Every structure is written in C-alpha cells, then in structure tokens.
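Good morning, and thank you for making time on the agenda. I would ask you to keep the sequence and the structure in view while I go through a selection of local features.

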Amino acid sequence: MNDDIYEDAIDIITDHALAKPGELLPGIIHLLPVSTRPFFPGQAVPLVMNAKHWSNTIKAAGESSNSILGIILANTATSEDAGAKDLRMVGTACRIHRVQKVDGRLQVLVECLKRFRIEKLLTDKPPFTAQVRYFDEPAEAAKGEIKAYAMAVINTIKELVPLNPLYGEELRMFLDRMGPDDPSHLADFAASLTTANRFQLQEVLEAINLMPRMEKVLVLLNNELELARTQHDIRRSVEERMETQQREFMLREQLKTIQKELGLEKDDRTAELEKFRERLESLTLPAQAQKRLDEEMDKLSILETGSPEYALTRNYIDWITLLPWGRHSQDKLDISTARSALDKDHYGLDDVKSRILEFLAVGIMKGEVNGSIILLVGPPGVGKTSIGKSIAEALGRSFYRFSVGGMRDEAEIKGHRRTYIGAMPGKFIQSMKEAGTENPVIMLDEIDKIGASYHGDPASALLEALDPEQNNDFLDHYLDLRFDLSKVLFVCTANQLDTIPGPLLDRMEVISLSGYIAEEKLQIARRYLLPRQLDRAGLKRSQVKINAATLRAIIDGYARDAGVRRLEKQLGKIVRKAVIKILDGAKTPISVNKEDLKEYLGSPIFRDERNLSGPGVVTGLAWTAMGGATLSIEAARTHSFTRGFKLTGQLGEVMRESAEIAYGYIVGHAEQFGASSEFFEKSFIHLHVPAGATPKDGPSAGITMASALLSLATNRPVRDIAMTGELTLTGQVFPVGGIREKVIAARRAGLKELILPDENRGDFDEVPDHIKKGLKVHFASTFEDVAPLLFAKK
C-alpha cells in the first residue's frame, strides 16, 4: 500500500467518534487475525502489525461505518500465516482510534467493545470479512454465587498487586474505565492480567456465560499468584544474598582500613612481598638471579594490584622463589643400603643391578654422586620405571617422573617466553620446583617416543638439559635465568635405541634390561605380583592359593612376553574371580590349579612357538621392541613349470635383500652342500615368514633363510635347533644385535641348541650364567660351519 492510500486510511479512521453505550454494531465486519493472545471487551489495546500484509484490512475497516474491526485468534505461529481455516470462531469487535506507520510496521490503537461469533466467513483470504453475531455483556450488579466469585477474583488481585507493581498500574487503569461491581468486565480484566497461554485465554473469551467464565478466570489467577510468589521469593533471596555480600564487603573494607590505620595489617601487595622475602631467607640465589629478582620486586611494589602486569610479575616472582636455589638433600652414601633398595623391589636383573651399583659406588667413593644420565632400555614390563624409583630411594633423594612420549613442542622442555598469555616454565623447572632440591632423581619416561613438529624439536631441546658440560647453566625461556641442573641424576627409559637421536644417545650411559626367563617370572610372581594383587583386592594371602605348577602354566600359556606386566594382569584376573567366589559363599582357601586356568583365564593365548616341522622349515631368533622372539621360516616348492622365487610375510626391504642373498648363495653352492643344482633350475620356490600380519625387517635371518632353502633342496628336516646371523654373498656369517634377548627367547621356547655368529661370542659371554645354563651353542663364521649342524647324522 503506498503512502497516499495509507494517509487516507488514517483520515477516515480519525474522523469517527468514540463508541457510545448501546451503539448498534455492523453485522458484517473485517477480521484481523492475531497469533499472540486474544483481546477482551473493555480494553484499550495497542497492536503492532505487518504493514505490507495488513494495510488493506486496516484501510477497509477504517472506511467502514464506525471503523469496526474484528480481532480474532489464529492457531498459527504468526498472523501472516493465518488462513480461513485457522481462525477461531469467537473474537472481539474493536473500534480503531489511531493508526501510525513506523519502519514498515502498523501501530494501531483499538478499543475492544463486544464478543462476537462468526456466523459465516465471506472471504477466505485477506482482507477477511465475516457475518457475525454479537453477545451483550450482563450489565446488572453481581449477586449470589457470581458475587462470591467476583469477591474471590478481587481478593486474588489484591494479593498479586504487592508482588508486582505492574499489576497495580493495570488495576488503576481498569478502575478508571469500569467499576468493581461489573463482574463481566472484571472477569475479562482479570484474565488479561495473567500470563496464561493464548489457548487458555481463548477458552475464557469463548465462555459467554458468566459463571463458567468466572470459574476459568479464578483458576488462571491462582496459577498466576503462585508464579508471582515464586518469582518474588527468588528475587528476595537474591537481593538478600547480594545485600549480605555487600555488607560483608563493606565491613571487610572498613576493617582493613582500621587495621591499616593501627598498623595491624598490610595491603595485599605488601603481604605478597613479605611472603617472597621470607622464602628467600632459606635460598641462595646467584648474583644474576638476585639482581633480576630485586628488579622485579621493586616493579611489583609500584604496580596497581588490579593491573594485568601485576599478576604477570607476581607469578614470575612466585616461580623464582619456589625453586630450590642452593638447597640440596643429603645423599645416603652406603653401598649396602643401595643394594638392599634395589633387591627389595626387583628379582633377578643381577647385571643391571651391578651396573647401577658400580655407578653409585664411584659417587660414594668421591663423597657425592654427581649428576649423570642413565638410559634404561628394554621391553615393556621389565621394571625400568621402578628401578628409577629404587635408585632415588637408595640415594635418599626426591623422585620426579614425567613422560616425554609424544611431546612435540620444545616449549614443554625449555618453557614459554613471558610475552605469551598463560606462559609457564618448562618441564625441568617444574620438576625442580616439585622436587624441592637441586639434586633430585628425575625420570624421563618413553624418551624413544619423543616427537617433532612445526613447534620445534623437543629432542634437540633435551641436548642442553642432558649434557653434563652444559646443564650447569640451563636457560629456561620463562625464567630467562640460568639454573644449575648438573647435580640432577637423570634416568631415562626407552623400549629401543633406533628412534633416539644420535647426539642425545651419545650423552647417556645405556643399561639394557633384556627381560625375564620363566624361572625368574615364577619367583617374581610368588614374591611380588601375587601378594600385591591380593592386597589390592583386600584378601589375605591365606585365602587364595596358586601353586608353582599353576604359575608356570600361566607364564607359558598366558604371559610369555619379556616383561611381567601381562603376568600381573592375569594374576589380577584370577584374584578378582576368586573374590566373587568368596562373596558367593565359597570356602577358603580357594586353590587354583592348572586344570582351573581355562575357567579363570579362558583358552591359552600362546601356543608352542615351534609347532612347524618338516623339510624347508627352520626356527630363527628375532629381536623386537617387546623383547626376543622365535620365528619359524618356511620354504616350499610350489610348482616346476618355471624357475622363480617369491617372498611373503610382510618383509621389510633389508629382510627381502637377505632372502635374495640366501637364495643366490644356496643356488650357487647347492652341490657343495649335497643338493642337486637341477632342483632350483626347475622349481618355483616360495619362502614365507609367519605370522603374515606382523611386519618384519632386519638382516639377522640370513642364515635361517639359507638353511630353510637347503633343507628344502635336500628334502631333509632340520634338527630342533634355532639360529641367527647375517649371511653375505660369499657365505660369511656377520654378527647381529640383541643376542641376550634372543637367547632368552630360545630358553622361553624350550630350545636347547643354538647357532650364533662367531663375532657374537663376547655378547653371549655377557649373558648371565643362569640363562646360559643347559644351552648348547655353536658359533659359526661361515655358512660352511652352519650346514653340518642342520641335519641329524645318518
């Protein structure tokens, strides 16, 4: 609708006089749907409508006699969506008094006159028109039951007024137009006061008879009263709480002022500075650190306590004063105490304990144990972390451990610069704060799994901290002060050496923990693991009995790995199931025998590793991050249509090259070892290394693969013997690594005879005697030394 037409509508509307009592209203009127709530007779109500959608309706109503407009509730979410079928049947006839257009919206002031019911809808789209029938409101004074209801309504409104001042304003406006003795308009007014939903209010509007209307209104009023009381209680509770807090704040501030005037209390800044000075009394700071600290404390004394710089400076001083500058713990320089501490929590590992005791003995002889870096390397579950704790206990030093596995940001090592929000010192400074002395034992766990990213290389950042020639002046980015780490004993742990950077590895003293054989595991289970699991479950040691034969069966069938972590988990599972039996009323002690293991632990996880036999099958020895393992290698002749060689089993590049070398060597020297050279000329050979799902790599299976090919070519099975060694094209057997782990794996698998490279004699001699006991070992320098050992003598 354009502005000229709209202004005409205003003129037409404002020409009409106000409604007069008993005035006759037209039988056909225009309808205006509303979606919020219905209107009641006796009200003057402002409406805000969409000008684009409802201008024609307002104009048509203004041009009609008396400017009467029927306002009716629609069932839709908005009035613009309302269709003819969405209109309720009862509405309120209103007279338009004023229309204004502001920002595309129509502001309409209407006076509500009478209820009406739609008799017939004349149009089914805007502007809606309808033939209506009006209902006159009863004019006589209230009597009898209606009067009682009217009094109840009035009394409820009186209770509402003190709870919300808005109700009082609405009541004043009603009394200016109507009297309290008019029950019909009183009921409508009371309904309009409530916050009931539009459909509840529509029910009141549709209640033409006064008595049902009064009943509905009284219910809505009582609901509104309960809601208003609840809101009032909540508001009063909040106000009381705020008043209490304000009162306490004012009293506290007054008390501070009085105490300050009397010299009894200092402000927060002064108290902080005195606390820092008290800490400094027990510390010995270097001159550089003392100078920096004095500057920072002078700055803190003039900063406002509410400023961001105050918090940053305060935290910085707090970190400096919490570090153990010049504070040392007294070392226990007693070799027998150190030996007892290591023996208390660890069975076996005699060579490892000897290396550690040698290191400690030098410090004891000098009178102090200097800072150093020890690297404990071994498979999971062999006790690397607990050995670090035992070293700290043996020396009487505090112990702090943190893991560097997966660390990718060098700031975690050397700290963040103070320019960053939330900056913190690095892990080393944090550990010194927690330890409380300058000479703790700090353990860096999983150092072989440290990462690198665009944030920096943490492994490179460790070089300064772990270098005895540099760490006496370790510089943390947050402190920006030199701190002495030279007296710290660093103990690092790793599962393998390959992933540790060379410069970092060069700074460490490497001690290998190879793993445990079955007898060692048996003693560890009896002395440490089983008692610990019983204590955790709240059981006495007499309530659950597991004999040695059962423990051996658990070790062989369920926990054959190098460490004892899996063994402890299996024992924990048995103890938990025993607890259930005890709670169910079973008699104690509960004895667990070999025959019961399937019930407690299910089917065995491990089978006999040497379950493959026949021509072309040989057992090799391998090293993995989990320790040593036996490896069966199979060679088979698949067909004789063509000559060829195929490899399977997820072999790495180095292992594939070893297989090619072994194939080439055996083909070239077949007749020397009693095999027919024609066999390979007409054979397609397939060499497989189980298990196919496990990746494998390394050169140590060279003689094993060559032996498998020789066994296949001669059609003779290899004896019960295991081997390891790298093979060259000329038949030389080169040394390999992981001899100790491989020997332990052979013992674990029940193998009694081994072939090792001759240059690994020294490595074999370092293997403890109790592991070598009962083993027959052959040392080979060429494959010609290996071949005679493979087959049983005829």
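Strands here are DSSP runs of E with at least two residues, numbered from the N terminus. By that numbering, Thr129 lies in strand β6, which covers residues 128–135. Please bear in mind throughout that this is a predicted model.

Is Thr129 buried or exposed? Thr129 counts as buried because its relative accessibility is 14%, and the limit for buried is under 20%. Apart from neighbours within four places in sequence, Thr129 is in contact with Ile29, His30, Leu121, Leu122 and Thr123.

The peptide bond from Pro126 to Pro127 is cis, with omega near -5 degrees, and Pro127 belongs to the loop between β5 and β6. A cis bond also joins Thr588 and Pro589, where omega is about 0 degrees. Pro589 sits in the loop between α20 (565–583) and β15 (590–592).

Two residues deserve attention for their phi angles. As background, most residues other than glycine have a negative phi, and most peptide bonds are trans. Glu446, which is not a glycine, has a positive phi of about 55 degrees. Glu446 is located in the loop between β9 and α16 and is partly exposed, its relative accessible area being 27%. Asn715 likewise has a positive phi, near 60 degrees. Its loop runs between α24 (702–714) and β20 (722–723), and Asn715 is exposed, with a relative accessible area of 58%.

I turn now to strand pairing. Strand β2, residues 44–50, is joined to strand β5, residues 105–121, by seven bridges, and the two run antiparallel. Within this pair, Val45 stands opposite Val110 in β5. In a regular strand the side chains alternate between the two faces of the sheet. In β2, the covered face holds Val45, Leu47 and Met49, whereas Ala44, Pro46, Val48 and Asn50 make up the uncovered face.

Next comes an open sheet of five strands, paired in parallel in the order β8-β9-β12-β7-β13. Which strands form its edges? They are β8 (399–403) and β13 (509–512), each of which pairs on one side only. From one strand to the next, the twist averages 20 degrees.

At the β13 side, four bridges connect β13 to β7 (residues 372–377), the two strands running parallel. Here Val377 stands opposite Ser512 in β13. Helix α12, residues 350–366, packs on the sheet and touches β7, β12 (489–494) and β13. The direction of α12 makes about 155 degrees with that of β13. A further helix, α16 (residues 458–466), lies across β7, β9 (441–445) and β12, and runs at about 150 degrees to β12.

Helix α7, residues 210–262, contains Met242. With Ile234 and Val238, Met242 makes a nonpolar surface patch of about 260 Å². Met242 counts as partly exposed because its relative accessibility is 44%. An α-helix has 3.6 residues a turn, so residues three or four places apart point the same way.

That concludes my remarks, and I welcome your questions.

Technical notes. Residues numbered from 1 in each chain as written. Predicted model: local features only at pLDDT ≥ 70, side-chain atom pairs only at ≥ 80, totals over all residues. Heavy atoms only, no water. Patch = residues over 30% accessible without salt bridge, like charges linked within 9 Å, V, L, I, M, F, W, Y side chains within 5 Å. Areas by Shrake-Rupley, 256 points an atom, 1.4 Å probe, with all protein chains shown as cover. Salt bridge = Lys/Arg side-chain N within 4 Å of Asp/Glu carboxyl O. Buried < 20%, exposed > 50% of the residue type's maximum accessible area, 1.4 Å probe, protein only. Pairing = 2+ DSSP bridges. Axes fitted to C-alpha atoms, helices over the stretch in contact; angles between N-to-C directions. Contact = heavy atoms within 4.5 Å.
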